[in-house]
Amino acid sequence: MSASSAPVIKSNFEQSFLDLRGKVERRFGKEASLVISQAWEFAKLAHHGQLRKSGEEYISHPLATSQLLYDWGLDPTTIVAGLLHDVIEDGGATTSDLEENFGPEVASLVDGVSVVSNIRLLGSREAVFVESLRKMILTMAHDLRVVFVKFADRIHNMRTIGALPREKQLKIARETLEVFAPLAERLGMGQVKGVMEDLCFKTLHPKEYKELKYLVLEMSGRADKNISKMSRKIQADLKHEKIESHVSGRRKNTYSLWKKLKREEIGGDVTKIHDIVAIRIIVNTVVECYAALGVVHKNYKPVPYLGISDFIAQPKPNGYQSIHTKVFGEGGKIVEVQIRTQTMHEEAEMGAAAHWAYSEAKHKGASDKDLESGKIKVGDSKLAWVSQLVTWQKQLTDSKEFLNAVKFDALSHKNYVFSPKGDVYELPEGATPIDFAFSVHTQLGHYIKAAMVNGKIVPLNTRLISGDVVSIIKSKKPEAPNKNWLDFVVTNQAKKGIRRMLSA
Ligand code: MN
């Protein structure tokens, strides 16, 4: 199939495409706009006569997908792959058609997306699921852009999910919430994760979604006057200090509010949640972040105990950086203020995608073997998690073990705990000081005598929570682990380490 010799097909979405092409040309130049035109014609031909379940022309879907990819700041190749992402799956084209027309990079990207799309993540037999997941992780490690295209594809599918039968809606929403949203979070793509979660929440719990959406609007309306008064005051003070800033309000996404309301200590009481509306200050440099913190605290006192989190000095393991401070705002109401630089802001919203754009995460031609052995890392340290997953999927031959590693170590709720020096460690829910020791270093696991949490000696099966400062009191000589430890440790690393030591 060749696009150049084919008749030109007209679509109702011609104008939307021209808008996108104009933007691509302004950002990337003439050559990129030519390729994207060629991809548009190719995709229209491949999907000719096909309709979405909503009755719209099929081409509306790849177009929306590539628009998202453009908005996320990705390169022309990814945008082109967005337009073409369903031509193999649904349009009858082959990989060699793509290679002929668009070169090997686009072809392998689209191929990767098709692989991932064929993966039935939920509801399949476990063995099949595990094999699929392995395949997905490897595909992703070869070229992270596959995942970005998949995210955009999924978001547009979620936005148009209303036309599908209810049962299918639930299945897709659950898969998105359990696999893709946590994956986006792990890749530091906060914005994408938030959008996915709210779309899933709306589908899975329409009634609660509506109620909370209304509540957030009402609360931000009421809070608005105070928030804008505070924002103006902060901005004026920053100007006085000659700090250029952008101050705005941000609303919590509906799903994370719902989850927070369900926490035990909150017990459904909205008045206990202080960050439904927060003030966000964006400045140019790190030094200005701390200066801005001073300016905020001069007018608004920090709330004792809730106080300040400095994720600039101690970034979250997914790379998130910002200073958060909870202060007594106008009228004594507690308000959260978030301070960050423009670069931190982009990384918090777009994470790996922002990073991908300027890092060497692209290792063309790396073999599966090189990736699995960890010889070739997937991008820089911010993408360490992807590298780790790839090595694991090779090492963990038992499918149960692998599934647990992926599900519980990587995709479950995380605790952030600190070493006495202030290094951050990320541990799954229920992790104990022993899990901590093994995640610091396998060697440390051999010298566990006792553990201290927040300065107090605690039993080794204590469940750690976010914010705990954990230190291991070391024995003089290597100690054999207690077999009982296996009953309460939760990380794979600890389990493997203990088993290895017991069998030694
Ligand atoms: Mn699609």
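Me: How many bridges join strand 8 to strand 9?

Reply: Two strands pair if DSSP finds at least two bridges between them. Strands (E, at least two residues) and helices (H or I, at least four) are DSSP runs, numbered from the N terminus. Here 3 bridges join strand 8 (residues 448-453) to strand 9, and the two run antiparallel. Met452 stands opposite Ile457 in strand 9. This is a predicted model: local features need pLDDT of at least 70, side-chain atom pairs count only at pLDDT 80 or more, and totals for chains, interfaces and linings use all residues. Residues are numbered from 1 along each chain as its sequence is written, and side-chain values use heavy atoms, with hydrogens and water left out.

Me: What is the strand order in the open sheet?

Reply: The order is 9-8-10, with antiparallel pairing. Strand 9 (456-458) and strand 10 (470-474) are the edges; each has a single partner strand, so one side of each is left without a neighbour in the sheet. The twist averages 40 degrees from one strand to the next. Axes are lines fitted to C-alpha atoms, for helices over the stretch in contact, and angles run from 0 to 180 degrees between N-to-C directions.

Me: Which helix lies across strand 8, strand 9 and strand 10?

Reply: Helix 17 (residues 433-440) does, running at about 80 degrees to strand 10.

Me: Which residues are the protein donors of the manganese ion?

Reply: Donors are N, O and S atoms within 2.8 Å of the metal (3.2 Å for Na, K and Ca); water is not among the atoms, so sites may look incomplete. Here they are His61 (NE2), His85 (NE2), Asp86 (OD) and Asp153 (OD), lying 2.1 to 2.3 Å from the ion. Their spacing in sequence is H-x23-H-D-x66-D.

Me: Are His85 and Asp86 buried or exposed?

Reply: Buried means under 20% relative accessible area, exposed over 50%, partly exposed in between (1.4 Å probe, protein chains only). His85 and Asp86 are both buried.

Me: Why is helix 9 described as largely enclosed by the rest of the structure?

Reply: 11 of its 15 residues are buried, so the rest of the structure largely encloses helix 9. Among them are Val192, Met196, Leu199 and Phe201.

Me: What do the buried residues of helix 2 pack against?

Reply: Contact means heavy atoms within 4.5 Å. The buried residues of helix 2 (residues 30-46) include Ile36, Trp40 and Phe42. They pack against helix 1 (14-28), helix 3 (60-71), helix 4 (76-84) and helix 5 (95-117).

Definitions and conventions:
Expected span 1.5 Å × (residues − 1).
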